[in-house]
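Dear colleague,

I am passing a structure on to you, together with some notes on what turned up in it. Please look through the sequence and the model first, and then read on.

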Amino acid sequence: STIAGAGLGRFLEEPAPVGTVLRSQQLGSENLLCFSSEEELRAAFPAKQDLHMIADFAFCTLTLPKTVLLDAPPTMVNHAAAGQGANTSFRFDGKIKEVVATRDIKVGEELLQDYREIGRVDWLENCLLYTSPSPRDS
């Protein structure tokens with residue numbers, strides 16, 4: 001990423017006009033995992049160190065309350081506030097999640113999303129809050 005301290009980032013190799021679908025995934029598929037409870041999440045990711053990955057890459061949306069989503073592989077979109085560089089957003093159409101260009105994006109430009117669009121799921125927050133790594137997980 002061009003953002004200090006951010007993750008890897010993803011950059012465009014060709015221009016994307018506003019409205020372009022940059023990624024399309026079916027909910028519950030192998031590339032967009034869905035969890036509706038802590039039990040489901042822990043069954044899929046039983047090791048404590050897995051929860052650290054979940055903390056970095058899982059996300060929620062107001063469109064699907066109480067559901068935690070996990071891209072596989074991650075989309076690698078970093079944060080920028082709307083009006084300050086954000087150029088993508090999620091759109092849901094039935095069981096399809098799309099990452100859409102919210103403005104024209106130039107070749108070489110980093111994909112950015114306003115993370116404030118991402119919802120909160122209390123069971124996930126509690127799961128992550130009360131799970132701390134043990135010495136053997138380090």
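Does R120 count as buried or exposed? R120 counts as exposed, because its relative accessibility is 60%, where exposed means over 50% relative accessible area, buried means under 20%, and partly exposed lies in between, with a 1.4 Å probe and protein chains only.

Before going further, please keep in mind that this is a predicted model, in which local features need pLDDT of at least 70 and side-chain atom pairs count only at pLDDT 80 or more, while totals for chains, interfaces and linings use all residues. Residues are numbered from 1 along each chain as its sequence is written, and side-chain values use heavy atoms, with hydrogens and water left out.

Salt bridges

The structure holds six salt bridges, a salt bridge being a side-chain nitrogen of Lys or Arg within 4 Å of a carboxyl oxygen of Asp or Glu. One of them joins R120 to D122, with the closest N and O atoms 3.3 Å apart. In another, R116 pairs with D114 at 2.8 Å between the closest N and O atoms; here R116 is exposed, with a relative accessible area of 61%, whereas D114 is buried at 6%. K97 and D71 also meet through their side chains, at 3.1 Å from N to O. This pair links distant parts of the chain, since K97 lies in strand 6 (residues 96–101) and D71 in strand 3, 26 residues apart, and both K97 and D71 are buried. Helices (H or I, at least four residues) and strands (E, at least two) are DSSP runs, numbered from the N terminus.

Nonpolar cores

A nonpolar core is a set of buried Ala, Val, Leu, Ile, Met, Phe, Trp, Tyr and Cys residues joined through side-chain atoms within 4.5 Å. The largest one has 13 residues, and those with the most contacts inside it are F35, L41, I54, V68, W123 and L124. Helix 2 (48–57), strand 3 (68–71) and helix 3 (122–129) each supply at least two residues of this core, and helix 3 gives the most, with three. A second, separate core of seven residues includes L27, L32, F59 and L69.

N78 lies in strand 4 (residues 78–79) and is buried, with a relative accessible area of 9%. Leaving aside neighbours within four places in sequence, N78 is in contact (heavy atoms within 4.5 Å) with several residues, among them S1, I3, E110 and Y115.

With best wishes
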